[in-house]
Amino acid sequence: MINNPFITKGYAGEALFCDREKETQLLLDNLQSGMDTVLISPRRYGKSGLILHVFDQLKKIAPEYHTLYTDISATSSLNGFLDAVSAAILSAFPQKTTLGKRFFSFLKGLRPFFRLNEKTGAMEVHLELVSQIQKEATLKQLLDLLENAPEPVALAIDEFQTITEYPEKNVEALLRSQIQHMHNVRFIFCGSKRRMMVSMFNDAARPFYASSTTLHLHKLDRDVYGQFIRRLFDEEGRSIRDDALEYVLEWTRCHTYYTQLLCHALFNNGAREITLDVVYAVCRDILENLSENYLLLREILPTQQWRLLTGIAREGSVKQITASAFISKYKIGSAATALRAVQSLEEKELVLKHLSVDEVSYEVYDVFFSHWLERDF
Ligand SMILES: Nc1ncnc2c1ncn2[C@@H]1O[C@H](COP(=O)(O)OP(=O)(O)O)[C@@H](O)[C@H]1O
Ligand SMILES: [Mg+2]
């Protein structure tokens with residue numbers, strides 16, 4: 001097995017993590033100065049990786065901190081949220097620590113059910129809570145436990161916008177009312193659904209209004225990323241040609257996950273020198289392997305949405321989705337159809353809407369899918 005330095009999930013230490021120096025510093029400053037941070041970017045830009053990197057750095061400069069990370073994207077109720085937070089506490093505070101002991105004696109009363117997730121190797125917790133009152137009390141007790149920990153705590157909640165989809169309507173207010181009195185715990189609220197995150201934290205009528213500073217995570221700097229990729233090949237006694245590297249960054253649009261995935265595949269390819277031809281061949285393989293998934297998607301998407309998606313892919317990026325030239329070229333029907341379709345594609349996270357000061361543009365969210373759609377078939 002070759003040890004591939006291009007990671008495609010999680011975090012594997014600073015040597016394999018590219019840049020994010022400013023963002024890391026800001027998050028470290030916020031955590032230590034008592035400020036909560038909202039971290040927002042499209043999916044797969046590197047938010048979760050950044051959090052793990054920040055926690056890794058924090059351990060070095062302030063080892064007294066306890067760092068807790070939980071991804072709540074798979075939860076669908078307050079109960080699921082409590083399970084996720086409990087699991088994070090469980091993994092941060094082993095049973096023999098003071099807080100671990102307190103946590104376990106608290107849990108005992110709630111008839112917890114433990115299960116090892118075979119895929120991730122993480123311990124999962126399920127609490128059998130029946131009434132709303134009991135759930136609210138448990139939330140308060142869990143947070144109190146952290147607030148009363150002897151050392152400071154950093155708690156990152158990933159895909160935080162998920163709480164707005166819970167059937168219990170008051171979770172946002174409930175959480176906010178608890179959190180605003182906490183001093184020992186600093187929060188990082190992370191999310192990829194920009195519109196939901198922004199309205200949660202910037203709408204004066206919402207509980208979390210003006211409670212934290214917001215960090216919008218952008219793509220990695222192209223030159224810095226290029227140097228990083230070159231270094232990782234160099235360190236293995238291999239090289240990548242300039243034109244090949246340019247193509248890699250261009251083809252993956254510098255979208256972290258896709259760039260990592262392509263570099264991972266290039267590394268596995270084994271060529272001592274990565275040339276443009278090697279890159280072309282590996283890109284072709286990637287698209288071929290994904291073909292079946294994409295064909296399945298075509299089966300389930302309405303025709304107009306499929307056509308719109310293909311149109312956006314072939315144009316690369318589209319500013320005016322309702323322009324008549326665009327609509328007739330891709331046989332979308334009418335401007336109203338295009339608007340409805342793009343909205344639906346956005347909700348399904350198949351299309352990504354970019355906002356800048358004076359314009360809006362749409363891209364296919366999944367970079368590989370975008371290239372696959374560009375081809376004739
Ligand atoms: N700065 C970085 N350098 C190298 N790889 C990264 C970096 N940030 C993220 N990654 C990798 O890119 C992929 C997507 O990152 P992730 O953190 O999961 O994105 P997000 O949480 O925004 O959806 C993961 O495989 C991750 O390991
Ligand atoms: Mg993530």
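This is a predicted model: local features need pLDDT of at least 70, side-chain atom pairs count only at pLDDT 80 or more; totals for chains, interfaces and linings use all residues.
Which residues is Ile89 in contact with, leaving aside its neighbours within four places in sequence? Keep that question in mind; point 4 answers it.

1. The protein has 15 helices and eleven strands. Its radius of gyration is 23 Å, close to the 21 Å that the globule rule gives for 377 residues, so the protein is as compact as a globular protein of that length. Along the principal axes, the C-alpha atoms fill a box of roughly 60 × 55 × 40 Å.

2. **Burial and contacts.** Of the 377 residues, 34% count as buried. Now take the contacts with a separation of 6 or more. Residues 24 or more positions apart account for 69% of them.

3. **Domains.** The domain assignment gives three entries: domain 1 (20-216), domain 2 (221-298) and domain 3 (301-377). Look at the first two in the viewer. The C-alpha centres of domain 1 and domain 2 lie 34 Å apart.

4. **The largest core.** The largest nonpolar core has 49 residues. Ile89 and Leu155 have the most contacts inside it. Helix H3 gives the most to this core, with ten residues. Here is the answer to the opening question. Ile89 is in contact with Leu68, Phe103 and Leu142, once its neighbours within four places in sequence are left aside. A second core is separate and has 20 residues, including Tyr258, Cys263, Leu266 and Val279. As background, nonpolar side chains in soluble globular proteins tend to be buried together.

5. **Ligand 1.** Where does ligand 1 lie relative to domain 1 and domain 2? Both domains give residues to the shell around ligand 1, so ligand 1 lies between them. In total, 20 residues surround the ligand. The closest are Cys18, Gly46, Lys47, Ser48 and Gly49. Helix H2 (47-61) and helix H10 (256-269) each supply at least two residues of the shell. Sorted by class, the shell has five nonpolar, nine polar and six charged residues.

6. **Helix H15.** Find residues 367-374, which form helix H15. Its buried residues are Val367, Phe368, Ser370, His371 and Trp372. What do they pack against? The partners are H10, helix H11 (276-300), helix H12 (303-315) and strand E11 (360-364). One general rule is handy when you look at any helix. An α-helix has 3.6 residues a turn, so residues three or four places apart point the same way.

7. **Thr75.** Thr75 sits in the loop between strand E2 (66-71) and helix H3 (78-92). Is Thr75 buried or exposed? Thr75 counts as buried, because it has 20 C-beta neighbours inside 10 Å, and the cut-off for buried is 20 or more. Not counting residues up to four places away in sequence, Thr75 touches Gly80, Phe81, Ala84 and Thr162. Ile163 is 88 residues away along the chain, yet the C-alpha atoms of Thr75 and Ile163 are separated by 8.4 Å.

8. **Arg206.** Arg206 is in the loop between helix H7 (194-202) and strand E7 (213-216). With 16 C-beta neighbours inside 10 Å, Arg206 counts as partly exposed. Arg206 touches Glu172, Ser199 and Met200, not counting residues up to four places away in sequence. The C-alpha atoms of Arg206 and Ala173 are separated by 8.0 Å, and the two residues are 33 apart along the chain.

9. **Trp251.** Trp251 is in helix H9 (residues 242-251). Trp251 is partly exposed, with 18 other C-beta atoms within 10 Å. The C-alpha atoms of Trp251 and Gln180 are separated by 45 Å, and the two residues are 71 apart along the chain.

10. **Two backbone angles to check.** Asp19 is not a glycine, but has a positive phi of about 55 degrees. Asp19 is found in the segment before helix H1 (21-33). Asp19 is partly exposed, with 14 other C-beta atoms within 10 Å. Arg253 is not a glycine either, and has a positive phi of about 55 degrees. The place of Arg253 is the loop between H9 and H10. Arg253 is partly exposed, with 16 other C-beta atoms within 10 Å.

How values were computed:
Residues are numbered from 1 along each chain as its sequence is written. Chains are lettered from A and ligands numbered from 1 in the order in which they are written. A residue is near a molecule or strand if its C-beta atom, placed from the backbone, lies within 6 Å of it. Helices (H or I, at least four residues) and strands (E, at least two) are DSSP runs, numbered from the N terminus. Ala, Val, Leu, Ile, Met, Phe, Trp, Tyr, Cys and Pro count as nonpolar, Asp, Glu, Lys and Arg as charged, and the others, Gly among them, as polar. Domain bounds come from an automatic or database domain assignment. The radius of gyration is taken over C-alpha atoms; the globule rule is 2.2 Å times the number of residues to the power 0.38. A residue is buried if 20 or more other C-beta atoms lie within 10 Å of its own, exposed if 12 or fewer, and partly exposed in between; C-beta atoms are placed from the backbone. Two residues are in contact if their C-beta atoms, placed from the backbone, lie within 7 Å. A nonpolar core is a set of buried Ala, Val, Leu, Ile, Met, Phe, Trp, Tyr and Cys residues joined through C-beta atoms within 7 Å.
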